Amino acid sequence: MTIGFIGLGAMGTPMARNLVKAGFAVTGFDLTAPIPDGVAPADSLMELADQETIITMLPDGKALAQVADGILSALTADALWIDCSTIDVATTRKIGESLLANGCGYVDAPVSGGISGAANASLTFMVGGAAADFARARPYFDAMGQKAVHCGGIGAGQSAKICNNLILGATMIATCESFDLADRLGLDRQKLFDVVSTSSGYSWSMNAYCPATGIGPDSPADHDYKPGFAAELMLKDLRLAMEAAADCGITPAMAQRAQEIYAEFVENGGQGKDFSAILPWIKRA
Ligand code: NAD
């Protein structure tokens with residue numbers, strides 16, 4: 001099977017490498033990033049029009065719409081498009097429907113696992129689209145990740161991703177606030193961890209990715225808050241959640257506050273740091 005891979009940045013490059021490792025013939029295109037060894041370079045988007053599968057790993061819905069405008073009408077009728085970018089649900093649905101109307105297949109398949117998951121082929125894919133297209137995409141997911149969950153129709157993958165990250169953003173802030181309060185109350189951080197990690201306040205943020213240095217399993221807090229999952233990417237996902245919520249006519253209060261806090265953090269020194277670095281930032285406030 002031939003693959004056209006578009007968007008060879010921090011995530012796309014290791015994902016494309018793993019496809020090559022699994023024996024797929026990959027041709028790559030990026031506006032600026034270098035094409036990794038083993039991937040055949042394309043000089044233009046149109047050079048990818050005859051590929052059987054298109055995989056995109058782009059920054060946002062605008063970039064995906066631009067790429068789709070450039071290539072969609074030239075694709076072969078039974079091509080399959082797998083979009084692994086994290087983008088807004090509305091653009092996903094619009095582009096997915098245009099592809100189906102052109103006779104192609106489409107799945108939205110955003111990932112969890114970050115740069116290390118992309119490098120180790122241990123990503124989790126959250127997938128929206130027809131069952132038949134999910135089945136066609138499965139061999140690629142197997143080459144790039146360890147798990148793929150079929151969440152429903154087109155847009156369900158992006159929906160799952162932003163619903164998950166809404167919880168993650170809010171619980172990370174709450175976890176950091178509880179460490180800050182514990183400090184002020186004179187409660188030892190290790191004791192707080194020992195209690196909370198086995199009590200009803202436990203969460204992935206506390207148990208698996210503890211934001212306090214030297215507490216719990218190894219995490220970005222133990223490496224000067226080098227990401228990990230960067231604060232600006234958390235902000236991006238919270239904005240996508242709020243956009244999707246607005247389209248549904250609701251304003252979820254925790255998500256809104258989490259978005260405001262991450263926006264303030266990113267503008268005031270959080271850019272380029274892990275999203276758990278909000279703990280020392282809250283402490284300084
Ligand atoms: P990145 O900025 O490193 O890479 C994006 C690449 O897309 C860049 O190389 C850019 O030149 C290219 N690009 C942009 N517009 C283009 C166009 N019109 N045509 C061709 N190429 C174009 O970003 P990344 O960290 O690789 O993230 C990619 C996606 O994965 C994002 O949607 C992000 O939210 C999501 N994601 C990232 C992580 C992470 O930890 N980095 C984790 C999960 C999900």
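## Close-up views of the pockets, cores and loops

**View 1. The second largest pocket has at least two lining residues from each of α3 (89–101), α6 and α9.** The model shown here and in the other views is predicted. With six residues, α9 gives the most to the lining of this second largest pocket. The pocket has a volume of about 270 Å³. It is lined by 17 residues, and Val89, Ile162, Ala244, Ala245 and Cys248 are the closest to its centre. By class, twelve lining residues are nonpolar, one is polar and four are charged. Domain 1 (2–153) and domain 2 (159–284) each provide at least three residues of the lining of the second largest pocket.

**View 2. The largest pocket has a volume of about 1,300 Å³.** Its lining comprises 50 residues; those that lie nearest the centre are Met11, Met57, Gly114, Phe229 and Leu233. At least two lining residues come from each of α2 (61–71), β7 (111–112), α4 (114–119), α6, α8 (204–207) and α9. The most is given by α6, with six residues. The lining of the largest pocket holds 25 nonpolar, 21 polar and four charged residues. Domain 1 (2–153) and domain 2 (159–284) each contribute at least three residues to the lining of the largest pocket.

**View 3. Met11, one of the residues nearest the centre of the largest pocket, sits in the loop between β1 and α1.** Its relative accessible area is 16%, so Met11 counts as buried, the cut-off being under 20%. Apart from neighbours within four places in sequence, Met11 contacts Met57, Val111, Gly114, Ile115, Ala118 and Leu123. Two of these contact partners, Met57 and Gly114, are also listed among the residues nearest the centre of the largest pocket. The C-alpha atom of Met11 lies 8.9 Å from that of Ser116, although the two residues are 105 residues apart along the chain.

**View 4. Helix α1 (residues 12–21) is mostly covered, with seven of its ten residues buried.** The buried residues of α1 are Gly12, Thr13, Pro14, Met15, Ala16, Asn18 and Leu19. They pack against the strands β1 (2–6), β2 (25–29), β4 (53–56) and β8 (123–128), and against the helices α4 and α5 (131–144). After α1 comes Gly23, which has a positive phi, near 100 degrees.

**View 5. Tyr262, Phe275 and Ile278 touch the most other members of the largest nonpolar core, which has 33 residues.** Two or more residues of this core come from each of α6 (156–185), α7 (189–196), α9 (231–247), α10 (253–270) and α11 (278–284). Not counting residues up to four places away in sequence, Tyr262 touches Gly169, Met172, Ile173, Ala231, Met234, Leu235, Leu238, Phe275 and Ile278.

**View 6. The domain assignment divides the protein chain into domain 1 (2–153) and domain 2 (159–284).** Taken over C-alpha atoms, the centres of domain 1 and domain 2 are 29 Å apart. Contact between the domains involves twelve residues of domain 1 and ten residues of domain 2. Both domains also give at least three residues each to the lining of the largest pocket and to that of the second largest pocket.

**View 7. Asp224, Tyr225 and Gly228 lie in the loop between α8 and α9.** Most residues other than glycine have a negative phi, and most peptide bonds are trans. Asp224 has a positive phi, near 60 degrees. Phi of Tyr225 is likewise positive, near 60 degrees. Asp224 is exposed, because its relative accessible area is 70% and the cut-off for exposed is over 50%. Tyr225 is buried, because its relative accessible area is 12% and the cut-off for buried is under 20%. Pro227 and Gly228 are joined by a cis peptide bond, with omega at about 20 degrees.

Notes. Residues numbered from 1 in each chain as written. Predicted model: local features only at pLDDT ≥ 70, side-chain atom pairs only at ≥ 80, totals over all residues. Heavy atoms only, no water. Core = buried A, V, L, I, M, F, W, Y, C linked by side-chain atoms within 4.5 Å. Buried < 20%, exposed > 50% of the residue type's maximum accessible area, 1.4 Å probe, protein only. Helix = DSSP H or I, 4+ residues; strand = E, 2+ residues; numbered from the N terminus. Contact = heavy atoms within 4.5 Å. 1 Å grid on protein atoms, 1.4 Å probe; cavity = no way out; pocket = protein on both sides within 12 Å on 5 of 7 lines; lining within 4 Å. Points joined across faces, edges and corners; volume = space filled by probe spheres on them. Nonpolar A, V, L, I, M, F, W, Y, C, P; charged D, E, K, R; others polar. Domains from an automatic or database assignment.
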